[in-house]
Amino acid sequence: MLNQYFGYYLLNKGILTNLQLREILETEQTVKVKLGVIAVNTGAMTAEQVEEIHNLQRTRDQKFGALAVEKEYLTSTQVEQLLESQQEGHLTLLQVIANKKYMTLAAVEKALMDFREEYETANQTCDTDRLIVKQMVDFSAAGPKADLLYKYIGLLKRNVLRFLNDASFVFMQITEHEKNVQWIASQQIIGDLSLSTGFIMEESVLLEIASRFYGESLMKVDEMALDTVGEFLNVHNGIFCSSLSESGFITDLQTPFVLKKGKESFQLTDYRVAIGTSFGDFEVILSM
Amino acid sequence: MARIMIVDDSMMMRAALRKILEKAGHEVVSEAVNGQQAIDNYPKYQPDLVTMDITMPGLSGIEALKCILDTAPQANIVAVSALGQKHIIFDALESGAKNYVLKPITEDKLLPVINLVLEQNGFIEAAPR
């Protein structure tokens with residue numbers, strides 16, 4: 001989450017200009033991250049301590065880690081851990097900012113704290129949700145991509161809470177191959193991961209999802225209601241795709257659509273999961 | 001305050017953006033439902049700022065953004081997307097977007113960005129710091 005969102009956060013706060021952010025995104029792939037930046041990122045050292053070590057390095061020909069241990073700012077174990085995380089891509093953005101002197105380390109430290117407060121609370125329950133989903137659903141047939149599907153459903157539970165203000169629960173995996181459906185909202189994720197996503201729901205549930213997401217009561221299934229459900233799916237998939245990018249997947253979204261349907265035959269490659277809410281149940285279809 | 005054009009294929013998004021912008025005192029001078037309409041409407045309405053959805057059927061928001069900037073290089077365009085991925089943000093900025101807002105759109109996400117772009121381009125005075 002840190003890399004793309006932190007850069008975007010700095011742009012939105014007016015701390016970086018769009019030209020600066022573009023330069024950073026262009027050059028970060030070639031940059032090696034220094035231990036001082038990693039230490040500030042992890043909170044192992046303060047910016048002031050890092051600057052002190054950098055100043056010492058100018059007069060003494062010693063590595064950062066060795067000096068930090070000598071000053072008792074870090075232990076040897078911490079230095080090893082920092083060296084291991086030097087390869088993590090999300091830190092290169094911070095290193096480029098430091099190299100180009102767009103911000104001081106102290107300013108980066110402050111911005112990181114503010115950013116984490118604003119953005120990262122939502123991720124804390126991610127693993128818990130995934131464990132809960134795994135108890136109810138079996139995506140093992142998806143092989144190495146099973147974890148992505150668990151992530152999708154876990155994220156959906158959190159987004160139902162966040163955007164529809166309802167604590168949903170996963171209650172079963174469905175294996176029937178034919179079903180009468182009223183409405184299908186569908187969107188295709190393309191790119192490094194090809195995934196068809198969809199919600200199947202009755203009219204009353206569609207209207208409730210639309211009303212809750214829009215923030216106003218929608219009483220009939222018209223263009224606004226259909227569009228709003230499509231937008232909820234779009235936003236959820238957008239958040240999912242953004243989280244995928246941390247694992248190196250580059251994806252895009254096609255335009256969602258919402259249609260009234262009759263009898264549908266589902267492919268054996270589809271995974272269908274029933275989600276329960278206080279306003280009714282709907283099914284999630286995932287197909288690779 | 002500012003004259004703004006909204007570009008988004010989603011009726012819901014256009015309604016939501018209009019509500020936030022008008023509540024803040026801005027005037028929504030035009031709504032475009034696709035990239036081509038945005039290109040056609042820009043010279044007609046000459047808005048102070050454009051909010052441009054990136055993912056639209058037909059001509060994408062990025063392509064529409066480039067076309068508008070070809071003939072109106074001073075245009076202030078804020079990209080809007082559901083995708084917060086680095087390559088999307090980079091493409092939008094490289095194409096000339098002045099800033100970027102991620103969906104879901106809320107008042108406290110949208111208005112600071114709108115005000116920042118307007119301030120940076122001389123449409124409103126900077127607030128005392």
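How are α11(A) and α12(A) oriented to each other? I looked this up before anything else. The axes of helix α11 (residues 203-214) and helix α12 (residues 223-244) of chain A come within 8 Å and cross at roughly 70 degrees. The two helices, α11(A) and α12(A), are therefore roughly perpendicular to each other. Angles of 65 to 115 degrees count as roughly perpendicular, under 35 as roughly parallel, over 145 as roughly antiparallel, and the rest as oblique. Axes here are lines fitted to C-alpha atoms, for helices over the stretch in contact, and angles run from 0 to 180 degrees between N-to-C directions.

**Ground rules**

I am reading a predicted model, where local features need pLDDT of at least 70, side-chain atom pairs count only at pLDDT 80 or more, and totals for chains, interfaces and linings use all residues. Residues are numbered from 1 along each chain as its sequence is written, and chains are lettered from A and ligands numbered from 1 in the order in which they are written.

**The α11/α12 contact**

I listed the residues that meet. From α11(A) come Leu206(A), Leu207(A), Ile209(A), Ala210(A), Phe213(A) and Tyr214(A). From α12(A) come Ala225(A), Thr228(A), Val229(A), Glu231(A) and Phe232(A). Two residues are in contact if their C-beta atoms, placed from the backbone, lie within 7 Å. By class, this contact has 9 nonpolar, 1 polar and 1 charged residues. Ala, Val, Leu, Ile, Met, Phe, Trp, Tyr, Cys and Pro count as nonpolar, Asp, Glu, Lys and Arg as charged, and the others, Gly among them, as polar.

**Helix α11 of chain A**

I checked its span. α11(A) has 12 residues and reaches 16 Å from its first C-alpha to its last, close to the 16 Å expected at 1.5 Å a residue. The expected span is 1.5 Å times one less than the number of residues. Its buried residues are Val205(A), Leu206(A), Leu207(A), Glu208(A), Ile209(A), Ala210(A), Arg212(A) and Phe213(A). Buried means 20 or more other C-beta atoms within 10 Å of the residue's own, exposed means 12 or fewer, and partly exposed lies in between, with C-beta atoms placed from the backbone. The cover over these buried residues includes α10, β3 (183-191), β4 (195-201), α12 and β9 (280-287) of chain A. Just after α11(A), Gly215(A) takes a positive phi of about 90 degrees.

**Helix α10 of chain A**

I moved on to α10(A), residues 146-164. This helix has 19 residues and reaches 26 Å, close to the expected 27 Å. Its buried residues include Leu149(A), Tyr152(A), Leu156(A) and Lys157(A). I stopped at Lys157(A). Is Lys157(A) buried or exposed? Lys157(A) is buried, with 21 other C-beta atoms within 10 Å. The C-alpha atoms of Lys157(A) and Val133(A) are separated by 9.3 Å, with the two residues 24 apart along the chain. Just after α10(A), Asn165(A) takes a positive phi of about 60 degrees.

Most residues other than glycine have a negative phi, and most peptide bonds are trans. I noted some exceptions. Glu72(A) is not a glycine, yet has a positive phi of about 65 degrees. Glu72(A) sits in the loop between α5 (64-70) and α6 (76-84) of chain A. Glu72(A) counts as exposed, with 7 C-beta neighbours inside 10 Å. Lys101(A), also not a glycine, has a positive phi of about 60 degrees. Lys101(A) sits in the loop between α7 (92-99) and α8 (105-119) of chain A. In chain B, a cis peptide bond joins Lys103(B) and Pro104(B), with omega about 5 degrees. Pro104(B) is in the loop between β5 and α5 of chain B.

**The chains**

Chain A has 12 helices and 9 strands. Helices (H or I, at least four residues) and strands (E, at least two) are DSSP runs, numbered from the N terminus. Of its 288 residues, 37% are buried. Chain B has 5 helices and 5 strands, in the pattern β-α-β-α-β-α-β-α-β-α along the sequence. In chain B, 49% of the 129 residues count as buried.

**Where the chains touch**
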